[in-house]
Amino acid sequence: MKRIPAKWIVVGSIAFLILIQIIQPSRTNPPVVPSRSLEAHVNVPPEVQSVLKRSCYDCHSSSTVWPWYSYVAPVSWYVAHDVNVGRSHVNLQDWEAQVNPQEGLEHLGLICKLVRNGNMPPADYRVMHKGTDVSPEETNAVCAWSQKFSAAEDSDKKGD
Ligand code: HEC
């Protein structure tokens with residue numbers, strides 16, 4: 001078999017990358033209705049709210065800031081997918097969109113663990129977005145708030 005010259009592999013790859021730009025995901029920012037936000041439903045202390053805004057809103061709100069690489073396939077597909085899935089789990093600006101209030105409270109109770117373990121915001125996001133790390137002091141504030149919701153849930157379950 002004849003070997004394909006390296007030049008053609010490079011040209012082919014570039015052509016492929018240009019071609020896939022045709023497939024653009026939709027980068028939506030749904031309208032924000034203040035009365036549907038999390039803080040319209042539960043008390044969110046200012047120090048917690050600032051962490052949520054800074055480190056979570058890009059994937060869990062309707063006010064996503066779409067970076068330049070979210071316009072370049074294939075990264076754009078990945079970013080749009082992350083935002084869509086993130087919002088479908090929790091949209092902090094559209095708290096009424098969730099399946100039911102009980103599930104909403106469970107999510108709030110989970111936040112402490114997710115932030116403490118470094119699961120949220122996701123590691124790849126933190127690498128790409130400087131300043132979105134949650135400091136130990138901020139984690140403590142987030143946990144003090146979040147744990148109120150998991151405590152309320154535990155007492156419902158009785159001895160669980
Ligand atoms: C880069 C996007 C992104 C950022 C930023 C982000 N999340 Fe998420 N989040 C996701 C995705 C995607 C999921 C659903 C998939 C999963 O569980 O990994 C999710 C799921 C969740 C869930 C639901 C977990 C469950 O088990 O149902 C909670 C709660 C959550 N995130 C909280 C947060 C908090 C709090 C922050 C900020 C401190 C944050 N997220 C930042 C993308 C993100």
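Reader: How far does a polar side-chain atom of His89 lie from an oxygen atom of the ligand?

Author: This is a predicted model, in which local features need pLDDT of at least 70, side-chain atom pairs count only at pLDDT 80 or more, and totals for chains, interfaces and linings use all residues. Residues are numbered from 1 along each chain as its sequence is written, and side-chain values use heavy atoms, with hydrogens and water left out. A polar contact is a pair of N or O atoms within 3.5 Å; within protein, one must be able to donate a hydrogen and the other to accept it, and residues adjacent in sequence count only if both atoms are side-chain atoms. From the polar side-chain atom of His89 to the ligand oxygen, the distance is 3.3 Å.

Reader: Which elements give two or more residues to the shell around the ligand?

Author: Helices (H or I, at least four residues) and strands (E, at least two) are DSSP runs, numbered from the N terminus. The elements with two or more residues in this shell are H3, helix H4 (75-89) and H5.

Reader: Which element gives the most to the shell around the ligand?

Author: A residue is near a molecule or strand if one of its heavy atoms lies within 4 Å of it. The ligand is surrounded by 18 residues, and the closest are Cys56, Cys59, His60, His107 and Met120. With 5 residues, the element that gives the most is H5.

Reader: In which pocket does the ligand sit?

Author: On a 1 Å grid over the protein atoms alone, a cavity is a set of points where a 1.4 Å probe fits but cannot get out, and a pocket is an open set with protein on both sides within 12 Å along at least five of seven lines; lining residues have an atom within 4 Å of a point. A molecule sits in a cavity or pocket if more than half of its atoms lie within 2 Å of its grid points. By that rule the ligand sits in the largest pocket.

Reader: Which residues coordinate the iron atom of the ligand?

Author: Donors are N, O and S atoms within 2.8 Å of the metal (3.2 Å for Na, K and Ca); water is not among the atoms, so sites may look incomplete. At 2.0 to 2.3 Å, the coordinating residues are His60 (NE2) and Met120 (SD).

Reader: How many residues apart are His60 and Met120?

Author: The pair that coordinates the iron links distant parts of the chain. His60 belongs to helix H3 (residues 57-60), while Met120 is in the loop between helix H5 (101-116) and helix H6 (123-128). The separation of the two is 60 residues.

Reader: What is the arrangement of the donor atoms around the iron atom of the ligand?

Author: Four donors count as tetrahedral if all angles lie between 85 and 135 degrees; four count as square planar and six as octahedral if opposite donors are over 155 degrees apart and all others between 65 and 115; anything else is irregular. Around the iron atom there are 6 donor atoms, which subtend angles of 84 to 178 degrees, so the arrangement is octahedral.

Reader: Is His60 buried or exposed?

Author: Buried means under 20% relative accessible area, exposed over 50%, partly exposed in between (1.4 Å probe, protein chains only). Met120 has 33% and is partly exposed. His60 has a relative accessible area of 16%, so His60 is buried.

Reader: Which residue does Met120 join through a cis peptide bond?

Author: Another cis peptide bond runs from Ala73 to Pro74, with omega near 5 degrees, and Pro74 is in the loop between H3 and H4. The bond at Met120 has omega of about -10 degrees.

Reader: With which side chain does that of Ser62 make a polar contact?

Author: Ser62 is in the loop between H3 and H4. Its relative accessibility is 4%, so Ser62 counts as buried. At 3.1 Å, its side chain is joined to that of Asn91.

Reader: Which backbone oxygen lies 2.7 Å from a polar atom of the side chain of Thr132?

Author: Thr132 is in the loop between H6 and H7. Its relative accessible area is 5%, so Thr132 is buried. The backbone oxygen at 2.7 Å is that of His129.
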